[in-house]
Amino acid sequence: MNNEKLKYLDPQVLAKLDNIKLRTRLAVEGFIIGLHKSPYHGFSVEFAEHRPYMAGDEVKHIDWKLYGKTDRFFVKQFEEETNLKCYIILDKSGSMEFKSNEISKFEYGGIISSALSYLMLKQQDAVGLILFDTKINRYIPPSAKFGHLDNILVEIQNAKLGGETKVAPIIHEMAEKIKKRGLIILISDLMDDPYEIVQGLKHFKHKKHEVIVFQILDPQELNFRYKDNIKFVDRETGDSIISQPWYIRDSYIKTIFGIISFYKKELSQNKIDFAQLRTDQNVGIALTEFLKKRAKLR
């Protein structure tokens with residue numbers, strides 16, 4: 001059964017499932033099974049750690065077994081003392097509808113958002129969801145109750161895509177709205193002004209948040225392997241142009257990878273985790289990037 005479940009990390013398989021709850025469960029189960037073959041073998045959905053005893057701590061929380069081994073006082077720190085609030089900001093603009101295979105960028109981002117929400121709630125952390133295009137369309141405040149997952153899944157399932165996108169203003173708005181330090185996860189194709197987006201993400205860092213950015217792109221957006229004359233239509237504005245793809249391919253590839261390099265460099269310099277993902281890529285890669293960051297936070 002283990003090997004069977006691993007196939008559900010394939011986005012093409014997940015895309016064929018209509019039930020988003022089933023998508024989420026299978027993706028997470030496949031991911032956790034896959035962890036047994038990775039450096040994260042010790043992952044657990046529950047968490048507790050020790051910290052040195054300090055004046056004022058209750059004696060009943062001292063770990064006496066550990067004292068016997070170390071001759072030092074340590075206090076057990078439980079989930080409710082270590083949980084955090086996570087905000088998943090998911091792009092639902094027109095460009096996220098694009099797909100050259102069975103799964104769109106939004107569907108891929110939706111699977112990741114759902115799976116991350118599942119993992120956060122299993123760890124008794126609070127998670128919320130923001131859906132946006134040019135404005136915030138839906139805002140679901142964070143909650144740590146596991147039943148809250150249904151609220152998130154319903155919003156992703158029923159999201160109406162379309163319209164232009166304004167990533168930077170949304171980021172700035174949320175940076176001002178979220179008062180308590182937390183974990184921010186932006187999931188978008190980042191098809192907007194790169195400089196403005198980076199400035200917005202730096203706003204989050206200025207507010208002391210931890211930030212992860214998942215850039216979701218379709219393989220064709222990276223490879224541009226069109227052969228015949230083709231009509232390109234902007235899904236956000238409706239503008240169109242007919243072009244010979246072989247004539248503009250080199251220029252296009254240079255531009256798109258220049259933008260990705262810009263994000264990698266700028267976000268790295270600002271200590272913002274960045275992962276560029278393709279919609280044909282194993283969902284487990286995104287979940288592992290998340291788990292790395294969670295390990296740092298813990």
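Gln124 counts as partly exposed, at 41% relative accessibility (buried means under 20% relative accessible area, exposed over 50%, and partly exposed in between, with a 1.4 Å probe and protein chains only). The model described here is predicted, so that local features need pLDDT of at least 70 and side-chain atom pairs count only at pLDDT 80 or more, while totals for chains, interfaces and linings use all residues. Residues are numbered from 1 along each chain as its sequence is written, and side-chain values use heavy atoms, with hydrogens and water left out.

Gln124 sits in the loop between α6 and β4 (126-132); helices (H or I, at least four residues) and strands (E, at least two) are DSSP runs, numbered from the N terminus. Its backbone is worth a look, with a positive phi of about 65° although Gln124 is not a glycine. Most residues other than glycine have a negative phi. Lys208 also has a positive phi, of about 75°, and is not a glycine. This lysine, Lys208, is found in the loop between α9 (194-206) and β7 (210-217), and with a relative accessible area of 58% Lys208 is exposed.

In soluble globular proteins, nonpolar side chains tend to be buried together. Beyond its neighbours within four places in sequence, Phe214 has contacts (heavy atoms within 4.5 Å) with residues including Leu116, Ile185, Ala275, Glu289 and Phe290.

Loops can be followed inward as well. Thr279 belongs to the loop between β10 (273-278) and α12 (283-297), and this threonine, Thr279, is buried, with a relative accessible area of 0%. Not counting residues up to four places away in sequence, Thr279 touches Pro11, Gln12, Ile103, Tyr108 and Asp218, among others. Ile103 lies in the loop between β3 (85-91) and α6 and counts as buried, at 0% relative accessibility. Leaving aside neighbours within four places in sequence, Ile103 is in contact with Pro11, Gln12, Ala15, Tyr108, Ile111 and Thr279. The C-alpha atoms of Ile103 and Asp218 are separated by 8.9 Å, with the two residues 115 residues apart along the chain.
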